[in-house]
Amino acid sequence: MCRIMLYNMVVLFVILLNSYVTRASDPDPVQDFCIPNTEYASHAKQCKNSSLVTVEDFVYAGIKVPGKFGPTGLSGVSVNSNVFPGLNTLGMSLVRADFEVGGVNVPHFHPRATEIAFVLEGTIYSGFVDTNNKVFAKVIEKGEVMVFPRGLVHFQMNVGDTPAAILGSFDSQNPGSQRIPAAIFGSGIKEKLLEKAFGMSSREISKLKKKLGPH
């Protein structure tokens, strides 16, 4: 009898643990919304009194136009709770990405979120790599969407003859983003390790670190 009770307790614990881990990305909200009260400087954001909340707290116009383009021909404008208070505690965020002709969103991943990318304009070569190093990629066009599972490396490139744009949606208000080239060659990892890992000379590694490191 004791063994049966112990077994049942273990099974229940595993079920509860799995339920907790499944929900561990962003906690479920305990109220309709929580507009951060900017009057208080605190790590834990306090909610504004609901009587002071207006419709303007739930509207954001910061992605009407592209942002500044970088050296890879990409412009990214993030929409998270830091710039759009209405998203706070709702477990989601957005990004607008614009591509010049030939522009590239280098391989990167989001440790805390799955992403769905919707093509607003243009033709994008888009894909991701799973943990078996299998590539899932194809050209997607205006009106099509592609999903990138949480934590997997993914990428995009404008392969059309005109500028392109996508709207990315995340299931976390703080998905995080780590770009592979910068993470490897711009983070201060010892050159000797990189030389052995990539079979490159010290001179080649130094060039990459100078190009991809912080400026």
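The secondary structure of the chain amounts to 4 helices and 10 strands; here helices (H or I, at least four residues) and strands (E, at least two) are DSSP runs, numbered from the N terminus. Followed along the sequence, these elements give the pattern α-β-β-β-β-β-β-β-β-β-β-α-α-α. The model is predicted: local features need pLDDT of at least 70 and side-chain atom pairs count only at pLDDT 80 or more, while totals for chains, interfaces and linings use all residues. Residues are numbered from 1 along each chain as its sequence is written, and side-chain values use heavy atoms, with hydrogens and water left out.

Of the 215 residues in the chain, 29% are buried, meaning under 20% relative accessible area with a 1.4 Å probe, protein chains only. The chain exposes about 14200 Å², and carbon and sulfur atoms supply 60% of that area, which comes from the Shrake-Rupley method with a 1.4 Å probe. Among contacts (heavy atoms within 4.5 Å) between residues at least 6 apart in sequence, 67% join residues at least 24 apart.

Now look at strand S5, residues 123–129. S5 pairs with strand S6 (residues 135–141) in the antiparallel sense over 7 bridges; two strands pair if DSSP finds at least two bridges between them. Within this pairing, Phe-128 has Phe-136 in S6 as its bridge partner. S5 and S6 form a hairpin with 5 residues between them, and Asn-133 in the turn has a positive phi of about 65°.

S5 also runs antiparallel to strand S8 (residues 153–158), joined to S8 by 6 bridges. There, Ser-126 has Gln-156 in S8 as its bridge partner.

Technical notes
Buried < 20%, exposed > 50% of the residue type's maximum accessible area, 1.4 Å probe, protein only.
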